[in-house]
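Here is a short tour for anyone meeting this structure for the first time. Have a look at the picture, then read on.

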Amino acid sequence: MPGDGIRIEQVVRRYGDTEALRALDCAIAPGSWVSLVGPSGSGKSTLLHLLGAMDAPSEGRILVGDTDLSALDAAAAARFRRERVGFVFQQHHMVPYLSALENVMLAQWFHSLADEGEAAGALARVGLAHRAGHLPSQLSGGERQRACIARALVNEPGLLLLDEPTGALDWANALAALELLARLHAESGFTVVCATHNPAVARWGDRVLTLRDGRLASDETIVPERPRREGARAEGA
Amino acid sequence: MRGPRETGAPFFGRWLRRSLRRNLAAGAVATASLALSSALVFCLVAVSGGVEGQLGKELAAYGANLLVLPESAPLRFGLGALELGPVEEERHLAEADALRLPSAGIGVETVAPALLARVEVAGTPAGAVGYPLDALRRLNPLWRVSPRWPAGEEAMLGASLAARLSLAPGAEVDVATGGRSARVKIAALVEPGGPEDDDLFLPLALLQALAGREGRISLALVRADLASRPAEDAARAVAAAVPGAEARTLSQVASAESALLAKVRRLLLLVTIALGAATAFTVSGTLGVLLLARRQEIGLCLALGGAASTIRRLLLSEAAASGVAGGVAGCLLGAAAAEVIAASVFGALVPLGWAAAPLALGTALALALGAALWPVDRALRVSPCDTLRAP
């Protein structure tokens, strides 16, 4: 599925008296990889939650494809999330009593129907076929993150939202996860929005948006820097 | 690798099984509370049946609760501490019809058919009542009879009549009516404490022969089970079973009995309700704590696009499973407790009314679901943004 384009128009998000986002304006091209950077409290996570329809703007509107997220009610927002968005979180959250395979099937089931074969295929694409039956507690951090990536992409979303996707991984595992994401991004063409503190991770994108105090401080188009792990070529990654 | 495509329901079952396996142990406190509550409901229902049965037996000591008379008969004699008006002695019922009442399937426990007659005792006019004396004894076990209940052809004198005639147990007297007479032995004096203190109590067959009324009776005293039906309904059923008869409730006995049973039932119901409320609070509190610990899981499911109704179904299904598990355990526990209580209170085992089982199960299920509604609803109000935010 081709990636979704995004338009953010004069978006404000207030929490009481605090403005987390202030009249934010920007557009993201379909299929691009955009990194959101900025200090803590700059509004990165807030923007990510708004793009994922987990939260609604106080003012302004956000269009993902032709869907106006600010007009969605709770049920429509849930439908948008399961049909159009994949999430990968820093803490690689998984349902603790379901196996890696069943965690992927859960996302399928929310979307439409659980298909064990397809779910196993999604795990195989991230190199976890041999760990499909393991519980999250039996997987390493890197494996859990890969399972989360499989879960996020199994429904072929147009938009992948990454919230500090490598924050809980060592650099080798972080690189492996980024390589995996880059490969899948190249294969499928979904749009990526990745919030990160890490400049090296940010440089994996083709565009870097810097937020400061809820405003867009800079907007740079860059040539991605995607270093390879030692031995990655041999693994065929 | 491609497996068979599943429909939604099988995966939900798989998810539920995994979730139960993981969370049922954590919810053991809630399940145990439900089991306790269910056991007590089972126990209360089972034992309350026993209590009512036992009360019924003990209340039987206070005498008959229905009076069967020929239709439109006025009343005269004092019977069972009740003041009756004049009886037209020409109106009678067939004794055989009255004796069939216990086997008529209308809850009649004891029947004492009676013939009333005016007689002369040692030349003194008196009222005589003919009873099968063993039935009279079963209906009135608290009557003060001394030195012993009569047997065979023996008679019994009311204490006032005995004083008036200066007769004592062991005396023999002539009893006459309608030109016939018989000599009977006075075996005992009876002092019921009412108008019947002035009566002569004869074996029914003897008075029937003296009065020339073989097989006929003036009335029948009936002890019916009023635990299972109102006194008026029992009276109608009895009247319908005896041709030419009407049945009246002996209101003092019947209403006291009904009132007592109603109070016992109300007490048991209130105890059950109080217990149910306590259980609901316990289960609700426990589930609230458990769901608080599962906020992240719930937030994740919401973030993945899971409908709130789907997640609610999972959580309520878990609560229902806990209710069923608690209910089954409660039934087993309750059955054992009911026997222990019955043995210690009544000195006998209570026949277990298995109607208590569905009631106890249903109570546990309803309590589990009812108690889960609020904590589940509160858990689903969680914001995925808050629960999934990186620390």
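Let's start with chain A, whose secondary structure comes to eight helices and 10 strands. Keep in mind as you browse that this is a predicted model. Of the 237 residues in chain A, 51% are buried. If you take the contacts in chain A with a separation of 6 or more, 68% of them are between residues 24 or more positions apart.

**The sheet in chain A**

Four strands of chain A come together in an open sheet, and their order across it is 2-1-4-5. The pairing is antiparallel. At the edges sit strand 2 (18-28) and strand 5 (67-68) of chain A, each of which pairs on one side only. Helix 1 (residues 44-51) of chain A packs on this sheet, where it touches strand 1, strand 2 and strand 4 of chain A. The direction of helix 1 of chain A makes about 120° with that of strand 1 of chain A.

With strand 2 of chain A it pairs in the antiparallel sense over seven bridges. These two strands of chain A form a hairpin, with two residues between them. In that turn you'll find A:G16, which has a positive phi of about 65°. Strand 1 (residues 6-15) of chain A is also joined to strand 4 (residues 59-64) of chain A, this time by five bridges, and the two run antiparallel.

Here are some bridge partners to look up:

| Residue | Bridge partner | Strand of the partner |
|---|---|---|
| A:I8 | A:I62 | strand 4 of chain A |
| A:E9 | A:R61 | strand 4 of chain A |
| A:V11 | A:L24 | strand 2 of chain A |

**A residue further along chain A**

Now hop over to A:T221, which lies in strand 10 (residues 215-221) of chain A. Is A:T221 buried or exposed? It counts as exposed, because it has 10 C-beta neighbours inside 10 Å, and a residue with 12 or fewer falls in that class. Setting aside neighbours within four places in sequence, A:T221 is in contact with A:D206 and A:R207. A:D206 is 15 residues away from A:T221 along the chain, yet their C-alpha atoms are separated by 5.9 Å.

**Where the chains meet**

Chain B puts 27 residues in contact with 36 residues of chain A. Which elements give two or more residues to the side of chain B that touches chain A? They are helix 1 (8-23), helix 9 (295-303) and helix 12 (384-388) of chain B. Helix 1 of chain B gives the largest share, eight residues. By type, the residues on this side of chain B divide into 11 nonpolar, seven polar and nine charged.

One last stop: helix 7 (residues 231-241) of chain B, whose buried residues are B:A231, B:A234, B:A235 and B:V238. Looking down the axis of helix 7 of chain B, these buried residues fall within an arc of 100°, so they line one face of the helix. The general rule behind such a pattern is that an α-helix has 3.6 residues a turn, so residues three or four places apart point the same way. On the other side of helix 7 of chain B, B:E232 and B:A240 are exposed.

Notes
Residues numbered from 1 in each chain as written. Chains lettered and ligands numbered in written order. Predicted model: local features only at pLDDT ≥ 70, side-chain atom pairs only at ≥ 80, totals over all residues. Pairing = 2+ DSSP bridges. Contact = placed C-beta atoms within 7 Å. Axes fitted to C-alpha atoms, helices over the stretch in contact; angles between N-to-C directions. Buried ≥ 20, exposed ≤ 12 C-beta atoms within 10 Å, placed from the backbone. Nonpolar A, V, L, I, M, F, W, Y, C, P; charged D, E, K, R; others polar. Arc of directions from axis to C-beta.
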